[in-house]
Structure formats: C-alpha cells, structure tokens
Amino acid sequence: MRWLLILLGSLALAQAAVTPGWVRLVPPVVKDTAAYLTLENRGKTPLRLVGAETEVAERVSFHQNNREHRGGQVVLGMRPLPYLDIPPRSKVEFRPGKYHFMLEGLKRPLKAGEKVVLVLKFQDGSRLQVILPVEER
Ligand SMILES: [Cu+2]
C-alpha cells in the first residue's frame with residue numbers, strides 16, 4: 001500500500017512541470033515579494049494548485065492581478081485565490097500583471113542571485129519543488 005501511494009504521488013508530479021521563473025528583489029525594509037514561473041499541466045486531468053510554501057517567508061499565497069472601475073477610475077489591485085486550476089494540456093503563467101506568488105513576511109532580506117526554494121502543493125497531495133533565482137527587474 002505504501003509503495004502504491006508513492007507511485008501515485010510520482011505520477012502526479014510528472015503531470016506538473018515548471019518553467020523556471022524568478023523572485024523579485026525588494027529593498028530590505030520590504031517584507032513581501034512576488035515570485036513568477038510558468039506552471040504546465042502535461043496530464044489528461046485537471047491539476048489544482050492549492051498552496052505553496054518557502055523557508056524564507058511566513059506564508060505564500062497566490063494572487064491574481066485585476067483592474068476594477070470604481071467611480072470612473074481604474075484601480076489596479078490583486079486578490080488572493082483559494083486555489084488555481086490548470087486544465088489538462090495547458091499552462092498558467094505567473095508573470096507581472098497576471099498571476100503571482102506572494103511571499104509574505106520575509107524572514108530575512110533576500111540577496112540578488114540567491115536561489116529560493118518554493119514548494120508547490122497540489123490537491124492530490126503531491127508537491128513540486130522549484131528553485132528560483134532572486135533578480136532585480
Ligand atoms: Cu499579490
């Protein structure tokens with residue numbers, strides 16, 4: 001039974017693929033930053049991203065940028081998503097102006113060029129570890 005669970009986990013991992021991205025370098029006083037990457041579902045079934053974590057921040061959420069019209073003005077904002085579905089054989093781009101991972105409550109200032117490990121968590125219990133460089137852009 002145990003090896004069967006492990007096998008199922010690795011199948012799910014093979015379903016998700018990541019195109020390497022980056023983490024935005026922020027000034028040391030700023031406690032939140034954003035991470036970007038492209039998440040691909042190579043499988044035949046939907047893939048649901050339900051969470052993420054990293055050792056360098058208290059919490060990781062994922063946000064969608066949105067623009068709202070309020071009183072004749074365009075307000076740019078972002079809203080947290082409880083989960084994100086990636087349809088079979090398609091990709092979701094986390095990039096500025098679209099989706100991003102929010103690394104909230106940085107435990108220490110990040111340095112340019114350093115590698116941050118981000119763990120993506122899926123509804124089926126599988127996890128995918130991604131290594132992202134910190135970049136000034
Ligand atoms: Cu955000």
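Reader: How many helices and strands make up the secondary structure of the chain?
Author: Helices (H or I, at least four residues) and strands (E, at least two) are DSSP runs, numbered from the N terminus. Here that comes to one helix and ten strands, and the pattern along the sequence is α-β-β-β-β-β-β-β-β-β-β. Keep in mind that this is a predicted model: local features need pLDDT of at least 70, side-chain atom pairs count only at pLDDT 80 or more, and totals for chains, interfaces and linings use all residues. Residues are numbered from 1 along each chain as its sequence is written.

Reader: Which strands does strand 8 pair with?
Author: Two strands pair if DSSP finds at least two bridges between them. Strand 8 (residues 99-106) runs antiparallel to strand 2, with four bridges joining them; in that pairing Ala 34 sits opposite Met 102. Strand 8 also pairs with strand 4 (residues 57-70), again antiparallel, over seven bridges. There, Ala 57 has Leu 106 as its bridge partner.

Reader: And what joins strand 4 to strand 5?
Author: Eight bridges, with the two strands running antiparallel. One place to look is Arg 67, which stands opposite Leu 76 in strand 5. The hairpin of these two strands has two residues between them, and Gly 71 takes a positive phi near 55 degrees there.

Reader: What is phi like for Arg 89?
Author: The general idea is that most residues other than glycine have a negative phi. Arg 89 is not a glycine, yet has a positive phi of about 55 degrees. You'll find Arg 89 in the loop between strand 6 (84-86) and strand 7 (90-94).

Reader: Is Arg 89 buried or exposed?
Author: We count neighbours: a residue is buried if 20 or more other C-beta atoms lie within 10 Å of its own, exposed if 12 or fewer, and partly exposed in between, with C-beta atoms placed from the backbone. Arg 89 has 10 other C-beta atoms within 10 Å, so Arg 89 is exposed. Val 30 counts as exposed too, because it has 12 C-beta neighbours inside 10 Å. Val 30 lies in the loop between strand 1 (16-24) and strand 2 (32-41).

Reader: How many residues of strand 5 are buried?
Author: Zero of its eight residues, so by that definition strand 5 is hardly covered. Take Arg 79, which is in strand 5 (residues 73-80): it is exposed, with 9 other C-beta atoms within 10 Å.

Reader: What does Arg 79 touch?
Author: Two residues are in contact if their C-beta atoms, placed from the backbone, lie within 7 Å. Not counting residues up to four places away in sequence, Arg 79 touches His 63, Gln 64 and Asn 66.

Reader: Which residues have the most contacts inside the largest nonpolar core?
Author: A nonpolar core is a set of buried Ala, Val, Leu, Ile, Met, Phe, Trp, Tyr and Cys residues joined through C-beta atoms within 7 Å. The largest one has 23 residues, and those with the most contacts inside it are Ala 35, Leu 37, Phe 101 and Leu 118. Strand 2 gives the most to this core, with four residues. Leaving aside neighbours within four places in sequence, Leu 37 is in contact with several residues, including Val 18, Phe 94 and Leu 132.

Reader: What share of the chain is buried?
Author: Buried residues make up 21% of the 137 residues.
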